[in-house]
Amino acid sequence: MAIYLTKESRVLVQGMTGAEGMKHTRRMLAAGTNIVGGVNPRKAGRTVDFDVPQSPNGLSGAPVPVPVPVFGSVADGMRETGADVTVVFVPPAFTAAAVVEAADAGIGLAVVITEGVPVHDSVAFVTHAAARGTRVIGPNCPGLITPGQSDAGIIPADITEPGRIGLVSKSGTLTYQLMYELRDIGFSTCVGIGGDPVVGTSHIDCLAAFEEDPDTDLVVLIGEIGGDAEERAAAYIRDHVTKPVVGYIAGFTAPEGKTMGHAGAIVSGSTGTAQAKKEALEAAGVRVGATPAETARLALAVLDEGP
Amino acid sequence: MDLYEHQARELFAEHGILVPRAEVTDSPEEAREIARRLGGRVVVKAQVKTGGRGKAGGVRFAADPAAAELTARQILGMVIKGHPVGTVMLARPVDIETEFYVSYVLDRAAGRFLAIASAEGGTEIEEVAAARPAAVARIPVDPAQGVTSAKAGEIAAAAGLPAQTADVLVRLWQVLIREDALLVEVNPLVRTRQGQILALDGKVTLDDNASFRQSRWGAESTEHGDPLEAAAAAKGLNYVKLDGEVGIIGNGAGLVMSTLDVVAGCGARPANFLDIGGGASAEIMADGLSVVLSDPAVRSVLVNVFGGITACDAVADGIVRALDTVRLTKPLVVRLDGNNAARGREILDARRHPLVQQATTMDGAARRAAELATAV
């Protein structure tokens, strides 16, 4: 089952013919993603051959050529292939137009990897997409992976096997770290929602989806300083989530008023602190680890306790 | 990026919002001339990117040009909440009848902007909101519609502002949109005894992500506070100076923030945040190491990398080549995990640098770096 992405997902790549698009399309193909096409109005009608190594990380193994057609628009690509997911690698200046095009074409899920998108653009395309029933994940995110089925974005496919943990995170590398710590248990779906101030999919959206997903037994929630998404998630967990949730928050040592790498990771006055997020989660019954390793141990302990 | 008050004032004026006559200087002598031009009596205001200037004595009246020079000299020497005062703005005083508060702020959870307005301006809006929540109106703005005259009227009415302020609310929204701002705040917005609506003080935060289409404020609004941060910025590094003794280098904002916390949990204090991103080439590693090592407070350095797409052998290569160009003066603890970690560890072992040691886990690496930094 998993959430948002399965092996049935038919995936387009907007910006596939750029350097990042090429590199990651090759990786996604190696991970088994059903990539049905790229989108580039200037290269419509062509086919790009990817030499795809037959290993999950796309880095080794004998390469096999995989042809991928390029369409002039998302609408063309959807009509020809039945695509229902798009992964967006286009540069920041063109990201809003790309997502609006995909939403107007009626795509179900747009995964926006691009970092550095102006916030006003994100506000516009997230609102536009929501009104048309398109779920946006990102921007400035690593995407999502349903191990063993499909990988939409840049999350490495060889860290973990399929399993029964769901993961939702603002941070890419912390996602990888927790996937690695819990690789022996495995994951249903891991979603990197992104570290920007405005993102299309929240912790709460993912918690609701994991709660409904029969393949997920436990959720790992990773947050960081800035905003109040984690506090909101805590309130949601208290009222709506019956599955166990284990949390981790980064940024206890971050000073006030400094942006820590992610555009959204900033403590403003007394709001957005790691301590407040941890306390809100704990008050909702979430066990919060002091380090990624401890968080993994808490998750293992919860799974051992059983239902 | 926050703008200085005088830059915010300039933006407001360009968009047709009335502001007091004012000029900026870094020289007390020139302050005297400016005061003369403005009619003698002026307000002298420290230009720093922090709140609470008034309480700190950074905003004062001067009765005549000689007093303006003296006051400017005093304020230009001040440090307000860690921000040295480099310039002052001298403004002609305004005959205030009433003070209001208006702003547009990003509502992150809703993914849209929110108008906040109150008929009780002049003080911190958080204080007003805490004391009398009903005195502060919070109205969401539909991004597709923006703030039209009708919407501005709705905001003004909700906050109990005079209908006259609607025009300013429309123009302020244009500042927000055209300048790619994340925050536009006027506090106070005043009605003068002559009946004019005037923006007396303002704050504007611009979106750094939009700098590719908003080039004008770049260098002139950068505060040259910490020299290490300035050196790192010049090399394009994502570096924040902190007060501790363990230098931190890692890949990915979340993992680096987490590394700082884990080091703090081991009883040492992180000296900095440095995210070298996905690439971690030899050049970036060398640049990063040289900035971190040039911090005299640093007593050990921790490199924490989880190889996702990045291969750890490439990171190890980067470290080894960086060691050829940067003289390592402090112990370096390296933790490599993930993609090609075993190969990366071999490469570092083969280099046999006496100051480099490896740890197999993040927690172990943080513990070791903390021990090295706090050993007497």
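Predicted model: local features only at pLDDT ≥ 70, side-chain atom pairs only at ≥ 80, totals over all residues.
Residues are numbered from 1 along each chain as its sequence is written, chains are lettered from A and ligands numbered from 1 in the order in which they are written, and side-chain values use heavy atoms, leaving out hydrogens and water.

**Cysteines**

- How many disulfides turn up over all chains? The search of the whole structure comes back with zero (a disulfide is a pair of cysteine sulfur atoms within 2.5 Å).
- A:Cys206 has its closest cysteine sulfur in A:Cys141, but the 10 Å between the sulfurs is too far for a bond.
- A:Cys206 counts as buried too, at 0% relative accessibility.

**Where chain A meets chain B**

- On chain A, 52 residues are in contact with 42 residues of chain B (contact means heavy atoms within 4.5 Å).
- Together the two chains bury about 3,500 Å², and 64% of that is on carbon and sulfur atoms (buried area is the accessible area, with a 1.4 Å probe, that two parts lose on being put together, summed over both).
- A:His120, A:Thr253 and A:Met260 supply 18% of the area that chain A buries against chain B, more than any other three residues.

- The interface of chain A and chain B has two salt bridges (a side-chain nitrogen of Lys or Arg within 4 Å of a carboxyl oxygen of Asp or Glu).
- A:Asp121 and B:Arg213 join their side chains in a salt bridge, at 2.9 Å from N to O.

**A look at chain B**

- Chain B is built with twelve helices and 18 strands (these are DSSP runs numbered from the N terminus: H or I with at least four residues for helices, E with at least two for strands).
- Along the principal axes, the C-alpha atoms of chain B fill a box of roughly 80 × 50 × 40 Å.
- Of the 376 residues in chain B, 55% are buried.
- Among contacts in chain B with a separation of 6 or more, 68% link residues 24 or more positions apart.

Conventions:
Buried < 20%, exposed > 50% of the residue type's maximum accessible area, 1.4 Å probe, protein only.
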